[in-house]
Amino acid sequence: MTTNSIPAKHKVIFDTDPGVDDAMALYFALAHPDIDVIGITTTFGNVTVEQATANALYLTRIAGRSIPVAQGVPVPLAKDPGTPPAFIHGADGLGNLTSRVEAGGVAEVESAAEFIVKMARQHPGEITLVAVGPFGNLGLALKLEPQLPKLLKQVVLMAGTVDEPGNVSPVAEANVWNDPDAADLVFTAGWDLTMVGLDVTHRVVLPSTFFTGLAKKHQHIATDTLSHAVNFYANFYQSIRPDLGHACYGHDVLAFVWLVAPELFKTQSGRVRVAKEGIANGQTMMAKLAIPYPQSGWEADKPETRVCMEVDAKACASLIDTILSSDWLLPALR
Ligand code: BDR
Ligand code: CA
């Protein structure tokens, strides 16, 4: 709390692989009056890490913000690297923009993991890390600073799934599947951890017309860019889920919605572990009940994760609408 008892803003480091829904999440965070994005760290995932860094700089600067961006891991910690899914997010991660304006900006000299550790030491107990890409930066940061779970206020992940089918295999969600070793480190590290996974992100469907409307309202390059990107993303979803109409899942934005409006979610706490090889590679498994046998890896003292299991989808969509429709954009930086 600040001295006059107004709740302090959430001080956030955003770890991301932008990515269309990452862009949506970033803009929700920039637009929300209770969120202060103090840094962005990038990872491979939807695009290469170099493209993710270029996109993070571009998206922030065209929205009129100058926020430190630190580049992170280019490949998974142990698994063989794959190819970014250009058919979902576009080869550039933003739906294949036809051109980009000159927006300037350069990345920090330190790595994402170094940046996270530095900021956590400078602001002990204050920072929320919202991570919405593969989790190699968090894994490396934990190796650099084993006390990190105590130095951060909390960690919120867009990751995994418990009951809902996976989106890259019958059991795996993309961010976990992309780097299962890093994800398992994150789920067993012992921080205050919330998982916002497909169990809830697949409930919140956002029509592309919503983003066209935003672009029309704001008449700003940032919302034009987002609308273009969402249009491409919705084409992909329409090809696999024609029943949704021309629409998309907001995945990453839901991590921020949880941060500012946790009352819109029902959660369940339990130990979560990740399958790191074989046909279940990338599966997130949650111990929902007590296990009456000694099981290696499932010891009762392993840290628990707060897992989002249900969501008020209508209220989420309405909050996203209200926040992105508000007057939050500044003139683009050059
Ligand atoms: C997650 O994977 C990425 O494609 C999205 O940006 C999101 O973070 C959804 O499974
Ligand atoms: Ca993402």
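Reply: In this predicted model, ligand 1 is surrounded by Asp21, Asp22, Asn46, His89, Val132, Met158, Asn167, Glu173, Ala174, Asn175, His251 and Asp252, where a surrounding residue has a heavy atom within 4 Å of the ligand. This shell comprises three nonpolar, five polar and four charged residues, with Ala, Val, Leu, Ile, Met, Phe, Trp, Tyr, Cys and Pro counted as nonpolar, Asp, Glu, Lys and Arg as charged, and the others, Gly among them, as polar. Helix H1 (20–31) and helix H7 (174–178) each contribute at least two residues to the shell; helices are DSSP runs (H or I) of at least four residues and strands (E) of at least two, numbered from the N terminus.

Polar contacts are pairs of N or O atoms within 3.5 Å. An oxygen atom of ligand 1 lies 2.4 Å from a side-chain N or O atom of Glu173, and an oxygen atom of the ligand is 2.8 Å from a polar backbone atom of Val132. For the side chain of Asn175, the distance from a ligand oxygen to an N or O atom is 2.9 Å. Taken alone, ligand 1 exposes 280 Å², of which the protein buries 94% (Shrake-Rupley method, 1.4 Å probe).

Asp22 in helix H1 and Asp252 in the loop between strand E8 (247–249) and helix H12 (253–260) are 230 residues apart, a pair linking distant parts of the chain.

Residues are numbered from 1 along each chain as its sequence is written, while chains are lettered from A and ligands numbered from 1 in the order in which they are written. Local features need pLDDT of at least 70, side-chain atom pairs count only at pLDDT 80 or more, totals for chains, interfaces and linings use all residues, and side-chain values use heavy atoms, with hydrogens and water left out.

Technical notes:
Polar contact = N/O pair within 3.5 Å; in protein donor to acceptor, adjacent residues only side chain to side chain.
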